[in-house]
Each structure stands twice: as C-alpha cells, then as structure tokens.
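Good morning, and thank you for coming. Today I would like to walk through one protein model with you, taking a few residues and elements in turn.

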Amino acid sequence: MLKKEKKQYKKVLLAYSGGLDTSTIVPWLKENYGCEVVCFVADVGQEREDLEGIEQKAIQSGATSCIIKDLREEFVRDYVFETFKTGAIYEGEYLLGTSIARPVIAKAMVETALEVGADAISHGATGKGNDQVRFESAVSALAPQLDVIAPWRIWDMQSREELLAYLHERNIPCKATLEKIYSRDANALHISTEGGELENTWNAASENVWVWTTSPEKAPDTPEQFELTIKEGVVTQINGKDVTPFECLSQLNDIGARHGVGRIDITENRLIGMKSRGCYETPGGTIIYKALRAIEQLVLDKSTRVFREHIAVEFAQLVYDGRWFTRLREVMMASANEIAKDVNGKVVIKLYKGNIDVIRKDSDNSLFNFDFVTFGADDVYDQSDAEGFIRIYSLPAKIRALNQKKK
C-alpha cells in the first residue's frame, strides 16, 4: 500500500475528525508503520454533533485513545481577535476562517504529541490543499524533532470507494457513504463549503450550500439594532454586558445568521497554485470586522490607517500561507497591537436582510472635530491658509507642465 519505504514509529498522534479519511488513516498507520495511534480532536467551536461519539469511533477504528481539547476560547481570543486587529482579509473578501484555526490546532497537537510521547504526527490533508502546508509548517516551527506523516501524499488510494472498501475489508464501521456532495469545514468563526455544484463556476450556489445563515430574502422584515463596546481593537461588551471573546463571537453569530449576514461566494488562489471555489458563512466575524473598521475611521490619522491597511494585506497572506509561527507574524502583530491601542469606542449596528450598517459610532480618541469641519462659521481655521498649501502640493505637476510647454 505504501509507495515507498518509510521508517517505523512507536506512537503517532493523528489529527482526527471522525470522517472517512481519518477513520481510514488510523488502521493504515498501524499496518504500515507498526505504531500505536492516538487520535487528537480539537474543539474549535464546530457543531456539537460533530463531536458526539467521536471517542468511541476512534477506538473502533483502532486507536489506543482519543484526546479532545477545548480550544474555543483560546482560538477566538488569541487567533481570531488578534487577526481582526490587523484588518486582514484575503483577496478582498475572505475572513480566513479555516486558515486562522489551523495554528491553534497545530499548536495543541504538538503539545499533546509531546505529552503522550509520540514520535510523529499525522494528518488527513490532501496534497492539493493549503492545510498540509499550514500544519507541517507549524510542526517544523514548534517541534522540529517530530516527523509528519501525510497519507494522502503516500498511499495508493485515490477515491472514497477505495477508502470505504479498505474499512469494509477490516470490519471497521463507518457511516460515510459513496455520495459526498460537499466538503465542509466548521469552527466558531465560519463554515466553508466546497464541491458539488460549486465545482462549476457558472453554477449559482443553491440553498443546500448554505447551512448556517438564513437567506437574506427570508430574513426578518424588521431590522435589528445592538451596541458593541470596543477596547483596544477587541469587542468587550454587547449592549453593555461583558462577554468573553468566544461568547461575543457566538452571540453575534446567532444574530448575524438570523439576518443573513456574512455570506460570500469566491474563487480564491490557493497557496499551491491552483484556484478553488468556496462559499463561506461568517456572520459574527463579519459584524466584528465592520465594527472595528468603523472605530478606526474615527481614531486613525490618514498615514496610520494606510499603514494598517498595508499590514492587513500582508497579514492575510501570512495567515493563509500558514506562517503564523514566524518572526514576521510577531513583528506585524506588535505593530497592529500598537495601532489598536487607540481603537476604543462604541458602535450601534443595524442588520437587515444580509446588510450591516454602522449607524452610530463614538470614541474618546476620535479625531473628528466639529470645530474644524463645520460648514458654519468657525474661528479655528483660516481658509486662506489653503492657498499656499495647494501651491506647494501641486508644484511637481506644475513644473512638469512648464517643461512640456518648453518642449
């Protein structure tokens, strides 16, 4: 079954989801590496039914044990909210829901592998996707002594039929079927959907694609308003009530999903060179993103905002490409945190049929000064000062025009 010889291991920690792929990987690892397999499950806020019975399923597949770690609060606090401070958004639309989850999962995997004495880590990411790079780059940065086994790059199996047959031959139960219309990834920030009709870019996404958010056409006919309090680039209160990062995102997910907020359908550039189409549902995250940018409009001067937007582009690429555990990420995050010190205030959000409007905003750090911008009479700004500024500001264009006239 192996394409080439591989060394043997005593214990391998497998990133386990309970799906067809990882259920197959458990016995495959034991047979081809002569190892004990410990399954690792990260709770990053996916649907609770995805975790029901997962330990028993792992044991039935041949694992020695299954370790589940609750990473929900850490995920939102240290990864989602930190990324949101930078303004990162991949290729103008994608809030990086899958990408941001990978480093917190990889970090917990490495810690668990070291705790249980594993000498290798394994994952079910394919050789076509981004996740293989994200997971393996994290392992290299955090525990380079651990080997990584990527079965999809090694074994000869290529289809769901072959995987199901493999399990059937070994009398390993699996509820998966031959027909898998969509490939989905879910966590507290988003749900992504690929496959099915989405593999043809001329096909519109059907309502079967959207599993979290209400269709905007079917959303309530009455708008909903609420207030968010922001402190140093982090939402800390909803309608005046303190919330933890995970509580905040969860509550805003419920509100946003009800009003059809946070749907996007994009064709993105994968790290490995091919394009893929995905539909993403990010209701709460989209609300938070818009709220933070609204306060930034008040408190950041022009040059600082331009710099923050530059960080956003670079940080989005960094997260997407799996470079979280790098010195560059630390440097950019330090800059974003410094900028975020001024991002304090309150906003009132109105949701209506898929739309998010910031209808009120205020900050003690606001640079919006009515005395200067009023259209009425004022005694703080001498309009004649603009004349000299304009003369100097337009001087390069004037000199160029005079040169052209001489020619």
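Please keep in mind that the model is predicted. Glutamate 224 forms a salt bridge with arginine 258, and the closest N and O atoms of the two are 3.0 Å apart. This pair links distant parts of the chain: glutamate 224 sits in strand β8 and arginine 258 in helix α7, 34 residues apart. Arginine 258 is also partly exposed, with a relative accessible area of 36%.

That brings us to helix α7 itself. Helix α7 runs over residues 245-258, which makes 14 residues. From its first C-alpha to its last it reaches 20 Å, close to the 20 Å expected at 1.5 Å a residue. Which residues of α7 are buried? They are Pro245, Phe246, Cys248, Leu249, Leu252, Asn253, Ile255, Gly256 and Ala257. These buried residues pack against several elements, including α3 (72-86), β8 (224-231) and β13 (345-352). Just after α7, glycine 260 takes a positive phi of about 70°.

Let us return to salt bridges. How many salt bridges does a search of the whole structure find? The search finds 27. One of them joins the side chains of aspartate 43 and arginine 72, at 3.7 Å from N to O. This pair, too, links distant parts of the chain, with aspartate 43 in strand β2 (residues 36-43) and arginine 72 in helix α3, 29 residues apart. Aspartate 43 is buried, with a relative accessible area of 4%, whereas arginine 72 is partly exposed at 22%.

The side chains of glutamate 309 and arginine 305 meet at 3.3 Å, N to O. Why are these two residues separated by about one helical turn? Glutamate 309 and arginine 305 are four residues apart in helix α9 (residues 302-320), and therefore about one turn separates them. As a general point, an α-helix has 3.6 residues a turn, so residues three or four places apart point the same way. Glutamate 309 counts as partly exposed at 36% relative accessibility, and arginine 305 is partly exposed with a relative accessible area of 29%. Elsewhere, salt bridges that share partners join Arg102, Asp131, Arg134 and Asp185 into one network.

One member of that network deserves a separate look. Aspartate 131 has its place in helix α5. Is aspartate 131 buried or exposed? At 18% relative accessibility, aspartate 131 counts as buried, because the cut-off for buried is under 20%. Its side chain makes a polar contact with the side chain of arginine 102, at 3.0 Å. Setting aside residues up to four places away in sequence, aspartate 131 touches Thr98, Arg102 and Ala125.

According to an unreviewed UniProt entry, the annotation "binding site" covers Thr126, Asn130 and Asp131. Threonine 126 lies in the loop between β4 (120-122) and α5 (131-142). At 33% relative accessibility, threonine 126 counts as partly exposed. Again leaving out residues up to four places away in sequence, threonine 126 touches Gln132 and Trp152.

Next, arginine 277. Arginine 277 is placed in strand β12 (residues 275-281), and at 9% relative accessibility it counts as buried. What does the side chain of arginine 277 reach at 3.4 Å? It reaches the backbone oxygen of leucine 198. Beyond its neighbours within four places in sequence, arginine 277 is in contact with a number of residues, among them Thr193, Glu197, Asp265 and Thr267.

Finally, the cysteines. A disulfide is a covalent bond between the sulfur atoms of two cysteines. How many disulfides does the structure hold? The structure holds zero. Cysteine 35 is in no disulfide, and the nearest cysteine sulfur, that of cysteine 39, is 11 Å away. Cysteine 39 is likewise in no disulfide, its nearest cysteine sulfur being that of cysteine 66 at 5.4 Å. Cysteine 35 counts as buried at 6% relative accessibility, and cysteine 39 is buried with a relative accessible area of 0%.

Thank you for your attention.

Methods: Residues are numbered from 1 along each chain as its sequence is written. This is a predicted model: local features need pLDDT of at least 70, side-chain atom pairs count only at pLDDT 80 or more; totals for chains, interfaces and linings use all residues. Side-chain values use heavy atoms; hydrogens and water are left out. The expected span of a helix is 1.5 Å times one less than its number of residues. Buried means under 20% relative accessible area, exposed over 50%, partly exposed in between (1.4 Å probe, protein chains only). Contact means heavy atoms within 4.5 Å. UniProt positions are given in the numbering used here, feature names are shortened, and annotations may be inferred rather than shown by experiment. A polar contact is a pair of N or O atoms within 3.5 Å; within protein, one must be able to donate a hydrogen and the other to accept it, and residues adjacent in sequence count only if both atoms are side-chain atoms. A disulfide is a pair of cysteine sulfur atoms within 2.5 Å. A salt bridge is a side-chain nitrogen of Lys or Arg within 4 Å of a carboxyl oxygen of Asp or Glu.
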